[in-house]
Amino acid sequence: MPDKAETSLADLRVLDLSDGAAGAFCTRLFAGYGADVIVLEPPSGHTLRLHGPFAGDRPHRETGALWLYLGAGKRSVTLDVKTKTGQRLFRRMVEDANVIVETFPPGRMDSLGLGYATLTGIKRRIVLVSITPFGQTGPRAHWKATNHTSFASGGQMALTGDPDREPMVPAGHQAEYQTGFQAFAAAATAAYNADALEVPQHIDISGQECMASALELYLPWWQYLKRDISQRRGNVLSAIVGLFPAEDGHIAIHNMPRNWPRFAEAMGRPDLIEDERFRDNFSRLKNNDELEAIVYAWASRQSVKETYQTAGAARTPIAYVHTLADLVGSEQLHSRDFFRTVDHPVAGEHIQPGAPFRLSEVEWGAVRASLLGEHNEELYCEELGLSKRDLSRLRAAGVV
């Protein structure tokens, strides 16, 4: 069996010039699977360092929860790439890099003298990943966006919520995380091709396109049949498919026609199986309101965790909506060591979520986020050959 170090991404160096969650999640995945990720922060620090909550509820650039996760496993180096000196230093870093991730507006890298043509002139087998809300071309290429507006412009928000209400806003940074995931997949593939086939790549990641590509059957249905099936339908699609309030939370039910007998038994109502109103799928749809009232009444009396166990034994698809406390206490996740305890010199001990997918020969790195500029001396002096006096001058000039 090959050594894990030989099958990881340890031979890749990634330069991270991004300033949002999408780019940071992309490079977090690279770092987690072993790549040497160098996050190039402005001297004032990465913008994600400003996001709370903070340890002890006291704002501090080293203790924000978002940065503690997305900055983990990366070397932190400060550099103002907008200065001429900063650009010269960056070009030297490119010589040893494999992947560059950036989130500048289209054309900005070119204006800095760091465009794709320049980068491939420095290193032929380079992969440049450009992440923007709408891509590098088109009438909206220079438009700005936030996580919520990206979620909306990609069509996913239109599918969420009740039919007579406004669309629902998702929690967190879901649009940016989906975009970051796509960027990682594209970059990892391109990095392999660049190494094996000596083919450089400029990867154009559009947040809108990442959202639109995940619209499941809704977009193809419209494209081929000219029928819009995306009208919001709320939490309950039918009596046997939906999210129902329970005694101490909510339970999600998703029964196919073949599951009906087991579901009726799980509700303690085997008499419904042969009831003329519900005995086949057509009858259940015809009498959906009556059946829905029965399910609502049954669900309202149920304990979510007990129902989950009962449904599993009955082999009927029911689950309860897990709260964050449920996830952190999950026996299943703990049995797989999903959560990792990390100690940070400023934030202290905290828990991080683990890998989104597992590779049999690669160990996911559970390491802390670096302090701002923690690796300046290591990179500039030990690797680029600058003296400590040179580094002090760069710092005084605001370059690092």
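Here is a short briefing on the sheet, the nonpolar cores and the cysteines of this structure. The model is predicted, so local features need pLDDT of at least 70 and side-chain atom pairs count only at pLDDT 80 or more, while totals for chains, interfaces and linings use all residues. Residues are numbered from 1 along each chain as its sequence is written, and side-chain values use heavy atoms, leaving out hydrogens and water.

**The sheet**

- Six strands form an open sheet, a set of 6 in the order E3-E2-E1-E4-E5-E6 with parallel pairing; two strands pair if DSSP finds at least two bridges between them.
- Strands (E, at least two residues) and helices (H or I, at least four) are DSSP runs, numbered from the N terminus.
- Strand E3 (75-78) and E6 stand at the edges with a single partner strand each, so one side of each has no neighbour in the sheet.
- From one strand to the next, the twist averages 20°.
- Strand E1 (residues 13-17) pairs with E2 in the parallel sense over 4 bridges, and Arg13 has Asp36 as its bridge partner in E2.

**Helices on the sheet**

- H8 packs on the sheet and touches E4, E5 and E6 (contact means heavy atoms within 4.5 Å); its direction makes about 170° with that of E6.
- Helix H17 (residues 376-383) lies across E1, E2 and E3, running at about 75° to E3.
- For these angles, axes are lines fitted to C-alpha atoms, for helices over the stretch in contact, and the values run from 0 to 180 degrees between N-to-C directions.

**Nonpolar cores**

- The largest nonpolar core has 43 residues, and Phe30, Leu70, Val99 and Val129 have the most contacts inside it.
- A nonpolar core is a set of buried Ala, Val, Leu, Ile, Met, Phe, Trp, Tyr and Cys residues joined through side-chain atoms within 4.5 Å.
- Buried means under 20% relative accessible area, exposed over 50%, and partly exposed in between (1.4 Å probe, protein chains only).
- Not counting residues up to four places away in sequence, Val129 touches Val99, Ile100, Val101, Glu102, Ala183, Ala187, Ile203 and Ile205.

**Cysteines**

- The structure holds 0 disulfides, a disulfide being a pair of cysteine sulfur atoms within 2.5 Å.
- The closest cysteine sulfur to that of Cys26 is in Cys210, 11 Å away, too far for a bond.
- Cys26 counts as buried because its relative accessibility is 0%; Cys381, at 14%, also counts as buried.
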